[in-house]
Amino acid sequence: MRVLKYAILGLLNRHECSGYDITSQFKEEIGQFWSAKHSQIYPELKKLVDEELVQFRTVIQGEKLEKKMYTITPEGQRELLEWVSASAPLPETEKDTFMLKMYFIGNLPKEEARALFADQLRLRREKLLDLQQRYEGLKPTFGAEGAEVTFANPHLGHYLVLTKALVREQSYVDWLEQHLQIFG
């Protein structure tokens, strides 16, 4: 299944985007749960155009620079809605390079193992702080302080993804803090 196809269709269902805009979205909200590189996005856009799920118009930026602006077609919307409404199987195990290294941590001297663990804790704390700041920036979109998050809010998807990322990173930080003492 080409999941990237649906991610791009979903973004274009929100608004018209250039390939650069789509790539940027994968570095922001979507990057909290899915990744795609520039080298993957443009070939997928070409496929979507060929399948008539997406169309584009060329605009001139500056004096000569041409830029393609993509929009979803009605057929693309139909496919997106079918995919979004289908039951999702449990994902394969998430690839976590640090956890793979932890599986083999006994091969390192204790000091190096502790340094590796402490570095991961530092990185995860930084990521958690970034997510907390993003969450604070998102709060005003939900209205008054303490306002209930509703299905009608246009930022609901961003809220759900961001709060899940916050829980994930907080859990990772807690786990690292709990086990750092093993290394002295």
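The protein has 7 helices and 3 strands, where helices (H or I, at least four residues) and strands (E, at least two) are DSSP runs numbered from the N terminus. Starting at the N terminus, the order of these elements is α-β-α-α-β-β-α-α-α-α. Please keep in mind that this is a predicted model, in which local features need pLDDT of at least 70 and side-chain atom pairs count only at pLDDT 80 or more, while totals for chains, interfaces and linings use all residues. Residues are numbered from 1 along each chain as its sequence is written, and side-chain values use heavy atoms, with hydrogens and water left out.

Let us begin with the overall form. The C-alpha atoms fill a box of roughly 60 × 45 × 45 Å along the principal axes. The radius of gyration of the protein is 21 Å, whereas a compact globule of 184 residues would have one near 16 Å; this radius is taken over C-alpha atoms, and the globule rule is 2.2 Å times the number of residues to the power 0.38. Of the 184 residues, 29% are buried (buried means under 20% relative accessible area, exposed over 50%, partly exposed in between, with a 1.4 Å probe and protein chains only).

Now follow helix 6, which covers residues 110–138. Which residues of helix 6 are buried? They are Ala 113, Phe 117, Gln 120, Leu 121, Arg 124, Leu 128, Leu 131 and Leu 138. An α-helix has 3.6 residues a turn, so residues three or four places apart point the same way. The buried residues of helix 6 pack against helix 5 (97–103) and helix 7 (156–180).

Next, visit two loops. Glu 52 sits in the loop between helix 3 (38–50) and strand 2 (54–61). Glu 52 has a positive phi of about 60°, although it is not a glycine. Most residues other than glycine have a negative phi. Glu 52 is exposed, at a relative accessible area of 59%.

Thr 73, in the loop between strand 3 (65–72) and helix 4 (74–85), counts as buried because its relative accessibility is 9%. What is Thr 73 in contact with, leaving aside its neighbours within four places in sequence? The partners are Glu 52, Leu 53, Val 54 and Gln 55, where contact means heavy atoms within 4.5 Å.

Terms used. Expected span 1.5 Å × (residues − 1).
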